[in-house]
Amino acid sequence: MTTEAQQQDGAGVATSGDTLTVTDNRTGRQYEIPIEDGTIRATELRKIKTSDDDFGLMTYDPAYMATASCRSAITFIDGENGILEYRGYPIEQLAEKSSYLEVAYLLVHGELPTQRQLDEWTHQITIHTFVHENVKEFMQGFRYDAHPMGMLLASVGALSTFYPEASAIKDHDGRYLQVIRLIAKMPTLAAFSFRHNQGKPYVYPDNDLSYPGNFLSMIYKMTELKYEPDPRLEHALDTLFILHADHEQNCSTSAVRSVGSSQVDPYSAVAAGVAALYGPLHGGANEQVLRMLRRIESKDNISSFVEGVKQGDERLMGFGHRVYKNYDPRAKIIKKHAYEVFEVTGTNPLLDIAIELEKIALEDEYFIERKLYPNVDFYSGIIYEALGMPMEMFPVLFAIGRTSGWIAQWLEMIDDPEQKIARPRQIYTGRRGLEYLPLASRP
Ligand code: ACO
């Protein structure tokens, strides 16, 4: 449907059928804009002009509070009802019945694999876990106490120099190999970063082990000939990877899509995702939860802490979410797995504080009114700590799981004929047309 300008009296915005009627009070013109999937195309507004040389109306939406940047068939979230689905499958079922590699296949291919497809996918990922020896060498050049997330960011970006053919992003076979490599090598880079930060020798991948089992081996193996992961820890880690695998157009995924829209290779695009995840507002909230729980110290101090939150002195970390206005379904699953991990590692008193804190907050009018519920980070840090991970590793673990989501979103973007290079507009607020003064003449 084309936008039609009609002279008509009246002001404001009115809807009729599947269209939106907008009256421009500057000109008195009325425009009919199609509504599709509860959305209007921002470019339709460009047709609303005061004169022929007017650029047309734009939308102003810092932080994309009400702007859809793409059509996507990967992840569905209903924040009001606490629903999360990957390719239509509820996260609860995937976390209970699936494995991370199967979920990665689902995200990338759009369908669950057959046994033969899963075996082949697992085999391909397993045989691509090694990195070039030069990667190890340049990683060794980082400062002895380098943050592992900074090392992961740099090293995943550097992979583009090892696979220059990855720049052929329209070559289906070629880019499939890069997808496999990214999912396969991310745990290796992550583990090397961890070992470097710990001052321990890097451990090569063990291709006899499962995806999470091999990661645990690269993290913890010392002098033993073969590292044997505890199946309960292996399972818990696998579930954490599943829960973090995708979350539609979050900050890091938007970064991957935005950088990828320049048609750069996928290693560089994923490096942008890792960079976004490095930020405390994205991948770092679970660290803040742990710090908060340590500060609370005992269950007796919870009430006064909650009072402080309600007074606005601080936030209850791990509570609240931009999208979820209900219990984050991932938090429920993680809470259940916390017990499984503690069976192996022994209990952590922080879990008791967290459970009591959650109970008190969920019964408090302040949190009920604002629809503040535990998010994925409320319990994930406690498990990571129980697994022996230092806080610096929390976003790194997040990045391993999220890689399959980033790459699925990247593939979807590359094949979407509507997508072009991302290039937002701005409202210019600076000065214009100034006369350049030579240095000597400036006051
Ligand atoms: N503790 C106390 N009050 C809160 C909290 C909280 N954790 N979160 C929101 N509120 C209050 C706000 O003060 C505000 O109250 P007001 O209306 O009286 O001013 C109201 O709830 C709405 O909050 P906003 O900040 O406007 O909500 P927004 O959607 O912008 O923020 C966010 C979401 C950033 C996640 C917020 O809830 C928060 O800071 N939570 C703590 C940090 C955290 O856990 N982050 C992890 C998110 S999950 C992830 O990134 C993987």
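## About the model

The structure is a predicted model, in which local features need pLDDT of at least 70 and side-chain atom pairs count only at pLDDT 80 or more, while totals for chains, interfaces and linings use all residues. Residues are numbered from 1 along each chain as its sequence is written, and side-chain values use heavy atoms, with hydrogens and water left out.

## The ligand and its shell

There are 19 residues around the ligand, and those that come nearest are Arg315, Leu316, Gly318, Phe319 and Tyr366; a residue is near a molecule if one of its heavy atoms lies within 4 Å of it. By class, this shell holds 9 nonpolar, 5 polar and 5 charged residues, where Ala, Val, Leu, Ile, Met, Phe, Trp, Tyr, Cys and Pro count as nonpolar, Asp, Glu, Lys and Arg as charged, and the others, Gly among them, as polar.

A polar backbone atom of Gly318 is 2.8 Å from an oxygen atom of the ligand. Side chains also take part: a polar atom of the Arg322 side chain lies 3.2 Å from a ligand oxygen, and a polar atom of the Asn375 side chain lies 2.9 Å from a ligand oxygen. The ligand taken alone exposes 910 Å², of which the protein buries 66%, with accessible areas coming from the Shrake-Rupley method with a 1.4 Å probe.

## How helices pack

Helices here are DSSP runs of H or I with at least four residues, and strands are runs of E with at least two, numbered from the N terminus. Axes are lines fitted to C-alpha atoms, for helices over the stretch in contact, and angles run from 0 to 180 degrees between N-to-C directions. Angles under 35 degrees count as roughly parallel, over 145 as roughly antiparallel, 65 to 115 as roughly perpendicular and the rest as oblique.

Helix H10 (residues 251-260) and helix H18 (residues 394-414) have axes that come within 9 Å and cross at roughly 40°, and the two are therefore oblique to each other. H10 also packs with helix H11 (residues 266-278) at an angle of about 150°, with their axes 8 Å apart, so H10 and H11 are roughly antiparallel. The axes of helix H14 (residues 329-345) and helix H17 (residues 377-386) come within 9 Å and cross at roughly 20°, which makes H14 roughly parallel to H17.

## Asp78 in its strand

Asp78 lies in strand E5 (residues 75-78). Its side chain makes a polar contact with the side chain of Asn81 at 2.8 Å, a polar contact being a pair of N or O atoms within 3.5 Å, where within protein one must be able to donate a hydrogen and the other to accept it, and residues adjacent in sequence count only if both atoms are side-chain atoms.
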